[in-house]
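Morning, everyone. Please bring the model up on your screens, and I'll walk through it.

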Amino acid sequence: MLVAEVEGLSKRYGTVQALDRVDVAIEPGCTGLVGSNGAGKSTLIKLLLGLLAPDQGRAAVLGYDVATEPLAVRGRVGYLPEGACLPGDVTAADFVAFMAQLGGLPPRPARERAAEVCYQVGLDEERYRAVGGFSTGMQQRVKLAVALVHDPSLLLLDEPTDGMDPQGREDMLELIARIRDELGIDVLVSTHLLGDVERVCDRVVMVHAGQVLAQGSITEIAGTTEPGFGIQLGDNGPEVLAALHTAGLAVRPSGEELLVQGSSDLVRDVAAERGWPLRRLVPRAPSLEETFLRLQAAAQGGPPAPAVPQPDTPEAAWGVRR
Amino acid sequence: MTEATPAGTIYDRGYRHYEGPREGRGRRVRAIAVAGVRRVLGLKRNWKTKVVPFGLLVLAFGPVFAFIGARVLVGEAVGEFLGYGRYLRVVAGLLLLFAATAGPELLCPDRRQNVLALIFTRPVTRADYLLAKLAALLAVVGLIALVPLVVLFVGNTLTADSAATYLRQNLDDLGRILLAGSVLTVFYSLVALAAASLTDRRAVATAGLLGVFLGTSALANILFFTARFDGRRWVAFLSLSGLPGRFVDWLFGDGFDPGTLADQAGFTGPGYLVAMAVVAAAAAAILTWRVLRLRA
């Protein structure tokens, strides 16, 4: 059974089309919802929770229609919102227990479970301190405890590593992986950090400007970008770029190197022909980020990409940016 | 040979799914209401948050307990305390202060700190939230409006030479105490929550509410005593802070102070009760409109 299913969902805020006839199928496991800021990720999550009413389309979560049974959905879903949302002068234990009661737990089990869940997310003795004094990382943990305390079947995490330091981010990603692997809770992680998604998710939904660019398993989607090379040829300047392109290679700059797709023999031939020193040529594995950037560029320049993208010509896939 | 007893127990502190009972809407409303009462009284919070509520509680209960204590020690020779009506008028002033601080405490931080983003992602409707917050404020305002006078009545009864005679002769007063206390509780609670629903800043809500109450009273007096126009006696209803006291005076038969606006306007208690009902209904409408539009 699908964990969540969205059909033809649209939402507009004034003149901004936040989501435009979106179809999404979230399967069991851990799914990443990725897109740049303003892509429509948070809107989609709020629509799944029934916090916003769609302009058109329908959504179902855990088999419940969000429009007609929003309370049933919210009783079974845990949500970690983006940004600050915790009361500053209440202890973590009290607040998590309060939120457990709002999830339907009687007071005593709510307190006991709040203590257990705080411990699980790494808040042990700190849970007796007022939340206002917590670091961003600790506050994210409290929010995760709030999302987990009523034992949901699905977790919706909106930018869970937002504002965290590298260690805190590592810890949070480990916690998310544990939730999926050990607790058997399905997770939908919304983030703009593709590295986070690659670390913990099995599947991904890519959104851009209110439309779905691609969705499917990470291996499948990352694989749509063919392997290539990172090179440093001469000064990597516009002349080099043009020469490689003329030789039939798909090229685009990335930091200090050029990313090239095609035969490495052609790169060698161009270098020999022009007498440019080939200082570096290293193979690059296909990555989610490459795919996302490619699909995003395609969406910006033309019609939206199909839901499951197919690799087309190297030129179309990689483009040439000057 | 005896069986070896285990030296200790190993507890598995791993995550477990919750298999226990789950309660319904009533529990969720109650949880928000109880948390609200705790918040207003400053329970489980730092000592500074307890100063105002407990200070007002001491002011409301202190004289009553002191009087009853004196009656227990000295007997009826202590004489009569302020009448129930007079004491309720004193309490009404405290109620305004209490409601003006408690109402904003209940509603404003949830919006200012964005806690609603979490509350409304549980199976809690806006109506549940409104009901719970109103219940919390009614409980704490009722604590000041009703309990001290009921305690005073019980104290008077128990320390009288004949408790049964006192009870028989003054049972009407108990009814008046319950009626007046309930009316004041509902009036102040609705008005305070309506004011709090208009802003997410506690101080603004408190100052605004007190300003409107005291300002309308001053305006009504200025208009009545300085201006000359037909029907100027109707400005008596403009004074929001005067409405509860005048209703209480009428209910307990204390009469209005001579020379005051209430005395000269010529209206009686039911008129002020209707005025309070109109204000409370308007406050309820504002509150409902604001809370039902809250966004998570």
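Confidence comes first. Chain B has a mean pLDDT of 88, and 93% of its residues reach 70 or more; pLDDT is the predictor's confidence in each residue, from 0 to 100. The complex gets an ipTM of 0.87 and a pTM of 0.83 from the predictor.

Two housekeeping sentences. This is a predicted model, where local features need pLDDT of at least 70, side-chain atom pairs count only at pLDDT 80 or more, and totals for chains, interfaces and linings use all residues. Residues are numbered from 1 along each chain as its sequence is written, while chains are lettered from A and ligands numbered from 1 in the order in which they are written.

Now the interface. Chain A puts 31 residues into the contact and chain B puts in 28. Contact means C-beta atoms, placed from the backbone, within 7 Å. On the side of chain A that touches chain B, H3(A) gives the most, with five residues. Helices (H or I, at least four residues) and strands (E, at least two) are DSSP runs, numbered from the N terminus. By class, that side of chain A has 18 nonpolar, seven polar and six charged residues. Nonpolar covers Ala, Val, Leu, Ile, Met, Phe, Trp, Tyr, Cys and Pro; charged is Asp, Glu, Lys and Arg; the others, Gly among them, are polar.

Next, the sheet in chain A. Six strands form an open sheet with mixed pairing, in the order E6-E7-E8-E3-E9-E10. Strands pair if DSSP finds at least two bridges between them. Which strands stand at the edges? E6 (77-80) and E10 (211-217) of chain A do; each has a single partner strand, so one side of each lacks a neighbour in the sheet. Further in, E3 (30-34) and E8 (186-191) of chain A pair in the parallel sense over five bridges. One of the partners in E8(A) is A:Thr191, bridged to A:Val34.

Helix H6 (166-181) of chain A lies across E3, E7 and E8 of chain A, at about 150° to E8(A). Axes are lines fitted to C-alpha atoms, for helices over the stretch in contact, and angles run from 0 to 180 degrees between N-to-C directions.

Last, chain B. The axes of H3 (84-112) and H7 (163-197) of chain B come within 8 Å and cross at roughly 30°. That makes H3(B) roughly parallel to H7(B), a term for angles under 35 degrees. Their contact has 20 nonpolar, three polar and two charged residues.

Note on methods. Two residues are in contact if their C-beta atoms, placed from the backbone, lie within 7 Å. Angles under 35 degrees count as roughly parallel, over 145 as roughly antiparallel, 65 to 115 as roughly perpendicular and the rest as oblique.
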